[in-house]
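Hi,

Here is the model I said I'd pass on.

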Amino acid sequence: MNDQLLSVILTIITASTPLLLAAIGELVVERSGVLNLGVEGMMAVGAVSGFGAALMTGNPYVGVFAALAAGAVLSLLFGFLTLTMVSNQVATGLALTLLGLGAAGLMGESFVGQPGIHLERLHIPGLSEVPLIGPILFGQDFLVYLSLIIVAAVSYVLFRTKAGLIIRAVGDSQQSAHALGYSVVGVRYLCVMFGGACSGLAGGYLSLAYTPQWVENMTAGRGWIALALVVFSSWLPWRIVAGAYLFGTITVMGFSLQAYGIGIPSQLLSALPYIVTILVLVVISGNRALMRANTPACLGQPFVPDR
Amino acid sequence: MDYLLEALHVTKVFGTLKANDGVTLKVKPGEIHAFLGENGAGKSTLVKMIYGALQPTSGEFRWMGKAVTIPSPAAARKLGIGMVFQHFSLFEALTVAENIALAMPGAFDMKKLSGRIARVSRDYGLPLEPTAVVADLSVGERQRIEIVRCLLQEPKLLIMDEPTAVLTPQEADQLFITLARLASEGCAVIYISHRLEEVKRLCHNATILRHGKVVANVDPTRETAASLAKLMVGGDIHVVKSAREDQRGATRLKLDRLRLSADGPFAVELRNVSLDVKAGEVVAIAGVAGNGQSELFDAVSGERSLAQAAMLLIDGKPMGHDGVNARRNAGAAFVPEERLGHGAVPAFTLSQNVVLTRHSSDGALVKSGMVSSGGASGVSQRVIKDYDVRKGKPDPEARSLSGGNLQKFVVGRELDRRPGVLVINQPTWGVDAGASATIRQAIVDLARQGSAVLVISQDLDEIFEIADRIAVISRGQLSEAYPASDLTPEKIGLLMAGAHERKEMAHAARA
C-alpha cells in the first residue's frame, strides 16, 4: 500500500513540475503587462532541444541548458514582434504556439523512437532511504527543487525588491512608468525572456525527466493549462504551486483510477484537467472584484511611447 | 538678474502641427510662474520638454545659466526639476510608498522611505498614509502623493499642470499654502491653470501662450481675470445669457431613492439618490471626480438597469428597467463624459455617429432596417452648421476632430432632437473658452424652451454660470438641490468634502 501511495505521489510531483515551471514564467511575463499565449510552442521547442542536446552530448544537464536557451530564443522572437514591432499579442502568441509545435516536430523527426537520457534523481545516503518521506523530499531530480526555488525567488523579487516593483509598475500603468522614465519595452523584453526560459525548461523537463523520449506533440496542452494556472493563481506566485500540484494530481488521478479499473471512460479522465480548468476559470472570473484587484491593468495592451 | 530656467526660441513640431513656435520663457528662483493659454495652445508640450518627456525640434534650454539638454525625465529630476502631472502618473494597484519609491533614485529601503514620507507630509501639511493602496484614495489624496514624491527629491523647480482642476476649494487653499511656502524657500514653480482668479492670487509672473506662441508676459496681480482671458483667447469671450425665469413647469425627470451597487473594487455605490428636475430649469450636480458621477450617469441613461422601475421617472413614467433606447424614445437624451469612445465611435464618420444615438428616436434615419445615409448626413450637416463644428473634410471621422469641436458635435447631436430631458456629464471638460461658451449657451437655451436639464460637472464656475439649482454628490450620496443664489463655492466645498474627509482632516491636524 505504502509503495503504491509513494509511486502515486512521485508521479504527481513529476506531472506537476512542468506546469509549475511554465506557469511561474508566464506569471512574470503577465505581471509586466504582456500576454504570451505561445507557452505551448516554447515548451515544445524546449522539449525537443533538451532531448536532442542531451542525446548528442550524453549529458542531461547540457540538455536542460539547451531547453532553457531554446525557450528564451523563441520568446525573443515574440518580444521582437509584439514589443518592437507592436503586433497584436494574442495573434502573435497563437502563431508562436503553431510555429513552436511545427518547428519541434521538424527538429525532432530523427529523435522519434530513440531512447532518451534520464535526468538522475538526487540520492543522499540515509536521508533518501527514510520510508515514504525520504524519496519524496530527498529523492527528486534537481529541476523539482529548482522549480520551487524559482517560485520563492519570483515571490521575493516581485514583492520585496525594486526590480519587482518596477515590473509590477510597468504592468499596472505603462504610461505612468514611461512618464517616470522607466523603459517599458526594456523591462518587458527581460520578463518575456524569463518566461520563455521557464517554458523551455518546462519542456525540457518533459523530455528529460517525465518521459525521457521524444514524441511529437508530447506537450499535450500543458502550455494552455499553465496559462490558465496564472489566472487561477490571480497572479500570486505561491498560489501557482497550489494550482500546479492540484492539476498534476488531477492528471495522475485519471491514470490511477484507470489502473484500479474504475469504470469511467478513459476519454473523460484524460479530459478532466481541461474540464477543471474551465470550471476554475468560470468560478474565478465570476468574482470580478477579486479578478480586477490583482490583474495587471495593462495586460495585453500594446505600448508605443510618444516621441 | 539670474534665471533658474531659460527656454530660448524653443520649437516643437508634431507632423505638420507646430505645437510650440519659438517660445522663450524665463523663470527665476522662488517665483511662481503661471502658464496660461487655451487648450492646444502648447502649454503641456512646453512643460513636457522641460521635464524631458519630449525633445524640442529646435531651440535650447538653460539651467542656472548653462545650456543643457534634458534627454529624459530621470535627467530632469537629476537637475532638480519635479513635475505633478494633470493626469497623475500613479500606479493604482501599488501603495503610496511604492509609488514614491519608483520615482526615487538609488537603493530601495521601504522603512527609511516611509519615515521620510511621513516627515515631509507633516512638514508641508500634506497628510498621507504610506501603506494605503492608491486605488482606494480620493483624487486630492492622489495629488498629495505626486507632490510629496516631487518634494522628496528636493526640487529647485516644480511644474504643476492644472493642479486644482480636481480639488475641492478647501483642498486648493491648502495647496496654495504649500506652494507659497515652497516659493519662500527658493523653489520655483511653473503653474498651469485655466482658473484666472487663482493665478491672480498665487502667481508672481504669467506667460501667455496662444497657438504655440508667447503673446504676452505680464504681472498677473496687475491684470483682471477678463484682461487675462482676452490675452489667452485673442478676443472677447461671449458671456452666457441665462435670463433666470421662475416659471417652472412640471417635473420631467425624477430620481426617487435611486440605489445602485458598486460594480468593481474601485467603483462607488449610489445610496438613496433623490432629485427632481422640472421643465425649464437647469439642475447641476457638483462634486469631486470619482464620487459616483459616472455611476449616476449610467443609472440615469440606462446603461445600467435599476432594481426598481420607479426609481427613475421620465415625464412621470417609471423607466428604471428600460434600456437607453427606450429612454431616448421617451424624449430623453444623454451626453456622456468621455466623448471619444463613449460619446462617439472614433473611427466612424460624424454622420454614422448620428445614426448610433438617433436610430430609434428619429424615424427618418433608419427605414426597415436600412440606414438612410441622406437623412444621416442631413442631420450631421445641420448640427455642424448650428453648433459651429470646425473640421477638415465634409464628413470626417470623429477622431480627426479636436476635443472642443467633437464635444460641440456630440452635444449638438442630442440638442438637435430638442429632447424633453437632457442629462449631460462634464459638458465642457477639456474644451476651450470659446467652445465652452457655445455649449453652455445651448444648454441654457434648451431649458428655457421647456426641457429639463441635468448637468453633472466638476467645474464650479460653469455650474454657477448655468445652473438654477445645485446639488452636491459625495461618496455616492446626493445632497438636497439648493437654489444657486443660496450657495457659494465655499459652501459647496464643505458639501463636497463630506463627513469622511472632515474626520480625516481633523485627524491630520492633530497629528
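Some housekeeping before that. This is a predicted model, so local features need pLDDT of at least 70 and side-chain atom pairs count only at pLDDT 80 or more, while totals for chains, interfaces and linings use all residues. Residues are numbered from 1 along each chain as its sequence is written, chains are lettered from A and ligands numbered from 1 in the order in which they are written, and side-chain values use heavy atoms, with hydrogens and water left out.

**The interface**

Chain B and chain A bury about 2000 Å² between them, with 60% of that on carbon and sulfur atoms. Buried area here is the accessible area (1.4 Å probe) that two parts lose on being put together, summed over both. Chain B brings 29 residues to the contact and chain A brings 22 (contact means heavy atoms within 4.5 Å).

The rule finds one salt bridge across this interface, where a salt bridge is a side-chain nitrogen of Lys or Arg within 4 Å of a carboxyl oxygen of Asp or Glu. Glu98(B) pairs with Arg168(A), and their closest N and O atoms are 2.9 Å apart.

On the side of chain B that touches chain A, strand 1 (5–14), helix 2 (73–79) and helix 3 (96–103) of chain B each supply at least two residues. Helix 3 of chain B gives the largest share of that side, four residues. Helices (H or I, at least four residues) and strands (E, at least two) are DSSP runs, numbered from the N terminus.

**The cores**

The largest nonpolar core has 127 residues, and the members that touch the most others are Ile100(B), Leu102(B), Leu158(B), Met160(B), Leu179(B) and Tyr191(B). Helix 9 (residues 184–210) of chain A gives the most to this core, 12 residues. By nonpolar core I mean a set of buried Ala, Val, Leu, Ile, Met, Phe, Trp, Tyr and Cys residues joined through side-chain atoms within 4.5 Å. Buried is under 20% relative accessible area, exposed over 50%, and partly exposed in between (1.4 Å probe, protein chains only).

Leaving out residues up to four places away in sequence, Met160(B) touches Val84(B), Ile147(B), Leu175(B), Leu179(B), Val189(B), Ile190(B), Tyr191(B) and Ile192(B). Another core lies apart from that one, with 32 residues that include Leu401(B), Ile443(B), Leu446(B) and Val453(B).

**Salt bridges**

One to look at is Arg440(B) with Asp459(B), at 3.6 Å from N to O. Arg440(B) sits in helix 14 (residues 433–448) of chain B and Asp459(B) in the loop between strand 20 (452–456) and helix 15 (460–466) of chain B, so the pair ties together parts that are 19 residues apart in sequence. Arg440(B) is buried at 10%, and Asp459(B) is partly exposed at 24%. Shared partners join Arg440(B), Asp459(B), Glu462(B) and Glu465(B) into one salt-bridge network.

Glu414(B) also bridges to Arg417(B), at 3.8 Å between the closest N and O atoms. Glu414(B) is buried at 0%, and Arg417(B) is buried at 18%.

**Cysteines**

The structure holds zero disulfides over all chains, a disulfide being a pair of cysteine sulfur atoms within 2.5 Å. The closest cysteine sulfur to that of Cys298(A) belongs to Cys191(A), 13 Å away and too far for a bond. Cys298(A) is buried, at 5% relative accessibility.

Most residues other than glycine have a negative phi. Trp235(A) is not a glycine but has a positive phi of about 65°. Trp235(A) is in the loop between helix 10 (222–232) and helix 11 (237–259) of chain A, and is buried at 3%. Glu154(B), also not a glycine, has a positive phi of about 45°, but Glu154(B) is exposed at 63%.

Cheers
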